[in-house]
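Please examine the sequence and the model shown below before reading the numbered points.

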Amino acid sequence: MVLLFWMCYDILGILGDVGSAGSYDPPYLPTKCNGDEQDQFPEDGYFVAVSDGLWDNGAACGRRYQMRCISGPRRPCKGGFIVVQVIDFCKSDPCGATLRLSNKAFQAISRFPKARINVEYQQ
């Protein structure tokens, strides 16, 4: 059973949950996790605001998710994985996506900056 699990992961690269993602524009401060603190942002600029399903009453703050684009309109996916860090709760209601990525993170996985894409992610 373990061998089958690892073979599927190696061949397909699939292990996580599937959801939707979009980008969100600055200003990124204040956040629900750490208010106006500048040092909450990861150095690489790959951060995310999450919807209610992942927020977990604020316990999501600081969590890191490995993710990749899997589909979307007009074949937006660039390929490859990125790692994002949760810094905020989605500011719009409804959020419109499972995850709202910083512009820099979104551009790393999607060819179209304003598209709504489908992603696979895992903590």
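The points below concern confidence, strand pairing and aromatic contacts.

1. This is a predicted model, in which local features need pLDDT of at least 70 and side-chain atom pairs count only at pLDDT 80 or more, while totals for chains, interfaces and linings use all residues. Residues are numbered from 1 along each chain as its sequence is written, and side-chain values use heavy atoms, with hydrogens and water left out.

2. The term pLDDT denotes the predictor's confidence in each residue, on a scale from 0 to 100. The chain has a mean pLDDT of 91, and 89% of its residues reach 70 or more. Over residues 2-11, however, pLDDT stays under 50, and the model has five contacts beyond four places in sequence for these residues; a contact means heavy atoms within 4.5 Å. Where pLDDT is low, the predicted coordinates should not be read in detail.

3. Helices (H or I, at least four residues) and strands (E, at least two) are DSSP runs, numbered from the N terminus. In strand β2 (residues 47-50), F47 and A49 point one way, whereas V48 and V50 point the other way. All of these residues are buried, a term for under 20% relative accessible area, with exposed meaning over 50% and partly exposed in between (1.4 Å probe, protein chains only). In a regular strand the side chains alternate between the two faces of the sheet.

4. Which strands pair with β2? Two strands pair if DSSP finds at least two bridges between them. Strand β4 (residues 82-89) pairs with β2 in the parallel sense over four bridges, and F47 stands opposite Q85 in β4. Strand β5 (residues 99-102) pairs with β2 in the antiparallel sense over three bridges, and V48 stands opposite L101 in β5.

5. Rings of Phe, Tyr and Trp (its six-membered ring) pair if their centres lie within 6.5 Å; planes under 30 degrees apart count as stacked, over 60 as edge-to-face and the rest as tilted. By this rule there are five aromatic pairs. One of them is the edge-to-face pair of Y24 and Y28, at 5.0 Å centre to centre and 80° between the planes. Y24 counts as buried at 12% relative accessibility, and Y28 is buried at 15%.

6. W55 and F89 form a tilted pair, 5.1 Å centre to centre with 50° between the planes. W55 lies in helix α2 (residues 52-55) and F89 in strand β4, so the pair ties together parts that are 34 residues apart in sequence. W55 is buried, with a relative accessible area of 11%, whereas F89 is partly exposed at 24%.

7. One aromatic cluster is formed by Y24, Y28, F41 and F47.
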